[in-house]
Each structure stands twice: as structure tokens, then as C-alpha cells.
Amino acid sequence: MPSPCVDVWLADIDAVGEALDALERRFSFLGADERARASGLDSLRAQRWARTRVALRALLASQLGVPSAQSLFQLSAAGKPRLVEGPLEFSVSDSGRF
């Protein structure tokens, strides 16, 4: 059995924002429920929230070796994203642009 490990990733969402927007336009990582949630936030917060989700999906898709992590997500009762199935567990925290 492989040893468990923890990877920590830090993204400056503002610095890579245009690249994340381009990824979203190309791959449509966000689901309708996520776009609706972002639309209920103020402009800057909505932009950062959506970009964070795109970054998360791109990272998870890369780690899992799949083209898109969109269909792999579901929301918990508390609204937290999680993988429907798979070997990874993750948690997302934000502090403004990070």
C-alpha cells in the first residue's frame, strides 16, 4: 500500500486570472450550479470564487489524469465540493486572492 501524502498548492488567483478564464472558456469546468452561486456574490468575490473553482478542477483533472474534473464533483449538504469517487481527498481555503 502506498504511503499517504499531502500536497499543498497555493495559487495567486489574480495573477493567473486571465489564464483561468481562458481555461474556463475552453473546457467549461464550472457547472450551472457553480455559475449560479458565483452570480450571487459581489463582482470581485464572484470572479475570484469562480477562478478558484476552475484552478481546483484543472489541478484535480491533472492529478487524476482525466481531461475534465467537472463530472467528478458533487456538493456535500454543506455545499463543499468533493469527488464522486477516486483516490484523492481535498480541501480548499481562500484568503482573498490566494
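This is a predicted model: local features need pLDDT of at least 70, side-chain atom pairs count only at pLDDT 80 or more; totals for chains, interfaces and linings use all residues.
1. Residues are numbered from 1 along each chain as its sequence is written, and side-chain values use heavy atoms, with hydrogens and water left out.

2. How do H1 and H3 pack? Helix H1 (residues 17–27) packs on H3 at an angle of about 70°, with the axes 9 Å apart. Helices are DSSP runs (H or I, at least four residues) numbered from the N terminus; axes are lines fitted to C-alpha atoms over the stretch in contact, and angles run from 0 to 180 degrees between N-to-C directions. H1 and H3 are therefore roughly perpendicular to each other, a label for angles of 65 to 115 degrees.

3. H3 (residues 43–64) also packs with H2 (residues 32–39), at an angle of about 155° and with the axes 8 Å apart. H2 and H3 are therefore roughly antiparallel to each other, the term for angles over 145 degrees. On the H2 side, Glu-34, Arg-37 and Ala-38 meet Ala-46, Trp-49, Ala-50, Arg-53 and Arg-57 of H3. The residues of this contact divide into four nonpolar, no polar and four charged.

4. Now the pockets. The largest pocket holds about 960 Å³ of space; a pocket is an open set of points on a 1 Å grid where a 1.4 Å probe fits, with protein on both sides within 12 Å along at least five of seven lines, and lining residues have an atom within 4 Å of a point. Its lining has 26 residues, with Asp-7, Trp-9, Leu-59, Phe-90 and Ser-91 nearest the centre. H3 gives the most to this lining, six residues, and by class the lining has 19 nonpolar, four polar and three charged residues.

5. The second largest pocket holds about 310 Å³. Among its 15 lining residues, Trp-49, Arg-53, Lys-80, Pro-81 and Val-92 lie nearest the centre. H3 supplies the largest share of this lining too, with five residues.

Methods. Helices (H or I, at least four residues) and strands (E, at least two) are DSSP runs, numbered from the N terminus. Angles under 35 degrees count as roughly parallel, over 145 as roughly antiparallel, 65 to 115 as roughly perpendicular and the rest as oblique. Contact means heavy atoms within 4.5 Å. Ala, Val, Leu, Ile, Met, Phe, Trp, Tyr, Cys and Pro count as nonpolar, Asp, Glu, Lys and Arg as charged, and the others, Gly among them, as polar. Grid points are joined across faces, edges and corners, and a volume is the space filled by probe spheres set on the points.
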